[in-house]
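Thanks for coming, everyone. Let me put the chain on the screen and walk you through it.

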Amino acid sequence: SGSGGGGGGGRTHVNVLVTNGELVPTLAKLMLFGLHKSFHPSCIMSAREVGKTVCFAEIVRRFRGAEKVVAIGDSKEEESAATRCGFHFVKVSTPADIRLVQNFLQ
C-alpha cells in the first residue's frame, strides 16, 4: 500500500516527510509549493520534540522490509540519522537540487 506519487514497473512507493518544524506551517508550505499531494497526512512527522533519529526509527518500524529508503535533506543531523538507519541520503543545498526533488516526488 502506497501513497504520494506513483512508481513505475508495478512498484509502490511512499513519500514520508520528517520536519523539525510544526506540522501546520509545514502543511502550508507543502501546499504553497504544490507538494501536498505527494505526502499522505499520516506520512508527515515532526521531529521537533523527539529528533530526526527517533522519526527515522519509526519509518524503519512502519516500512520494515522496504526495498529502499532514501532520505533527502540539508543538514548533518539528517545525514547522520539516515546513515544510522541504513537509509541512502541525498543532500539538497541549492534551488536546483530542490527543483530536482520536486520533480522526483511528482
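Ground rules. This is a predicted model, where local features need pLDDT of at least 70, side-chain atom pairs count only at pLDDT 80 or more, and totals for chains, interfaces and linings use all residues. Residues are numbered from 1 along each chain as its sequence is written, and side-chain values use heavy atoms, with hydrogens and water left out.

Fold first. The chain has 4 helices and 4 strands. Those are DSSP runs, numbered from the N terminus: helices are H or I with at least four residues, strands are E with at least two. Along the sequence the pattern reads β-α-β-α-β-α-β-α.

Now contacts, meaning heavy atoms within 4.5 Å. Take those with a separation of 6 or more: 47% of them join residues 24 or more positions apart.

Next, burial. Buried is under 20% relative accessible area, exposed is over 50%, and partly exposed is in between, with a 1.4 Å probe and protein chains only. Of the 106 residues, 27% count as buried.

Which residues make up the largest nonpolar core? There are 10: V18, M45, A47, C55, F56, I59, A71, A81, A82 and F87. A core here is a set of buried Ala, Val, Leu, Ile, Met, Phe, Trp, Tyr and Cys residues joined through side-chain atoms within 4.5 Å. The most come from α2, with 3 residues. Apart from this core lies another, of 7 residues, including I44, V92, V101 and L105.

Look at I59. Beyond its neighbours within four places in sequence, I59 contacts V16, V18, M45 and F87.

Now T19, in strand β1 (residues 17–19). Buried or exposed? T19 is buried, because its relative accessible area is 15%. Its side chain reaches the backbone nitrogen of G21 at 2.9 Å. Leaving out neighbours within four places, T19 contacts T26, M45, S46, A47, R48 and K52.

Last, the surface. The chain's accessible surface is about 7100 Å², with 56% belonging to carbon and sulfur atoms. Areas are Shrake-Rupley with a 1.4 Å probe; for residues, only the protein chains shown count as cover.

One more stop: V70, in strand β3 (residues 70–73). V70 counts as partly exposed because its relative accessibility is 38%. That's my tour; questions, please.

Methods. A polar contact is a pair of N or O atoms within 3.5 Å; within protein, one must be able to donate a hydrogen and the other to accept it, and residues adjacent in sequence count only if both atoms are side-chain atoms.
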